[in-house]
Amino acid sequence: MLAGSQGRLQDRRPISIVDIGSNSIRLVVYEGLARSPTLLFNEKMLAGLGRGIASTGKLDPEAVARSMDEFRRFRSLSEQSGADTMHVLATSAAREAVNGPDFIRRAEQVLGTPIRVLSGREEARYSALGIISGFHHAAGIAGDLGGGSLELVGVDRETVGDGITLPLGGLRLQDMAKNSLSKARRIAREELARARILNEGQGGTFYAVGGTWRNLARLHMESTAYPLGVMHHYEIAVESIGGFLKQVAKGDIDKVRGIEGVSKARRSLLPYGAIVMEEIVARLNPKHILVSALGVREGFLYSLLDEDERKADPLISACEELALLRARSTAHAHELADWTGSTFSAFNLDETEDEARYRRAACLLADIGWRAHPEYRGKQSLNIIAHAAFIGVDHPGRAFLALTNLFRHEGVFNESAAELMTLATPRYLERARLLAAAMRVVYVLSAAMPGVIPRLKWEERDNGTLALVLPAELAGLYGERPAGRLAQLAKVAARKLILAVEDGPSIAVK
């Protein structure tokens with residue numbers, strides 16, 4: 001068997017999870033257990049195990065038969081991927097159906113491993129851990145809408161509250177309402193009226209988890225011509241969602257822009273998901289609605305990490321991994337991150353916690369496009385970063401990362417990514433140009449190799465001038481090219497700068 005290619009991290013052993021939900025069953029193989037997990041392989045089937053369970057009390061027999069066939073395939077795929085461990089999680093349909101125990105017994109025989117049937121409280125907890133894993137300093141109410149149930153749970157950084165489970169999953173609600181959308185609304189309103197947890201999160205953030213809500217969010221992106229097709233951390237403006245949800249909740253979805261991107265098997269559940277979201281918004285009055293690509297599976301993985309691994313910043317971890325896989329020198333990337341911090345300090349520029357995180361992340365990513373043709377490095381880097389599977393970063397921050405690296409390659413006043421610029425705040429856009437200008441100076445002094453950047457110092461001179469000083473032994477790097485790049489930095493920073501050699505010549509830049 002061939003070993004893993006150099007495009008993979010060599011210290012990771014694949015780990016797989018089979019997620020048995022009420023509507024879908026899914027196999028996800030991760031590259032390894034990590035703070036920012038990377039998908040190695042991903043396959044799902046919309047089995048519909050929970051279809052009809054509210055009226056019959058049983059798992060759908062045809063879905064059970066189809067699932068067993070798929071479990072055989074999942075087991076083979078997990079083994080083929082080289083996964084050392086396969087975890088199997090089952091949620092509401094399997095735990096509530098009268099034939100659930102028999103289904104689990106048969107599935108365990110096929111999969112060759114024990115199945116963990118999650119209680120409602122456990123399902124809510126893992127959903128919350130998925131939110132904690134994927135959002136920096138998460139705080140608010142997480143809602144995980146599956147096929148059979150809705151889990152609601154409070155999160156506050158590392159703290160998980162007591163979650164509740166409501167019978168409002170799409171398949172369950174459709175069945176309970178006998179395909180009546182008006183009756184489904186009454187059921188959802190009555191169930192949510194008893195959810196006291198929603199009283200505690202008034203005016204805060206609501207984290208939306210689950211396939212139905214992700215599909216609704218994708219349709220919302222299409223309806224608003226949103227410029228970035230990344231689902232995780234997509235923020236739906238509360239003031240703009242009312243009319244959209246109302247249209248979908250009526251069941252008139254064939255005319256909704258982008259509906260062709262939703263599988264026909266999922267379309268019938270969209271109105272029920274919209275109804276539940278409408279009622280939550282009415283009860284919770286959230287300030288923000290954030291969509292999460294992470295849920296129970298990722299929360300379960302997060303629970304397997306040790307305490308130190310949990311404390312790691314997932315964005316920085318992912319950027320370090322990408323630098324390791326694609327940059328010329330990870331040591332140089334870390335030197336750049338440290339030096340730009342001291343540069344911002346020398347320029348008397350303050351940073352919020354997120355701004356400092358994003359600056360470091362941008363530096364770690366600054367050289368991932370070096371193998372491309374020089375004319376396309378900026379565009380390639382922007383595309384990779386804008387659409388990477390990063391967590392722990394909001395969309396304005398993601399735009400900052402991508403734009404910084406576009407400017408680093410193609411010039412600080414490049415305007416080719418106008419749509420993405422609309423996502424970056426004016427401050428982020430200004431900082432992206434400034435950071436890129438600083439990168440452009442040190443790359444022509446260091447040749448992208450470590451050892452030079454830590455030896456570059458800023459010194460205050462007369463009349464508010466700052467000198468970038470090279471040590472005498474690096475005088476050979478002194479010249480017009482870095483002086484020209486420093487002139488760009490001076491323009492962006494609106495500072496008087498000079499390039500100097502210790503106890504030697506200097507070049508004033510304009």
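Strand 1 (residues 15-20) and strand 2 (residues 25-30) run antiparallel and are joined by six bridges. Within this pairing, aspartate 19 lies opposite arginine 26 of strand 2. Helices (H or I, at least four residues) and strands (E, at least two) are DSSP runs, numbered from the N terminus, and two strands count as paired if DSSP finds at least two bridges between them. The model is a predicted one, in which local features need pLDDT of at least 70 and side-chain atom pairs count only at pLDDT 80 or more, while totals for chains, interfaces and linings use all residues. Residues are numbered from 1 along each chain as its sequence is written, and side-chain values use heavy atoms, with hydrogens and water left out.

Strand 1 also pairs with strand 4 (residues 85-90), here in the parallel sense and over six bridges; serine 16 stands opposite methionine 86 of strand 4. Strand 4 in turn pairs with strand 5 in the parallel sense over two bridges, with valine 117 in strand 5 as the bridge partner of alanine 90.

At the level of domains, an automatic or database domain assignment divides the protein into domain 1 (15-117), domain 2 (121-298) and domain 3 (314-508). The centres of domain 2 and domain 3, taken over C-alpha atoms, are 39 Å apart. Contact (heavy atoms within 4.5 Å) involves 13 residues of domain 2 and 17 residues of domain 3.

Together these two domains bury about 1,200 Å², 64% of it on carbon and sulfur atoms; buried area is the accessible area (1.4 Å probe) that two parts lose on being put together, summed over both. In domain 2, His136, Pro227 and Leu228 lose the most area to domain 3, together 45% of what that side buries. Across this interface there are zero salt bridges, defined by a side-chain nitrogen of Lys or Arg within 4 Å of a carboxyl oxygen of Asp or Glu.
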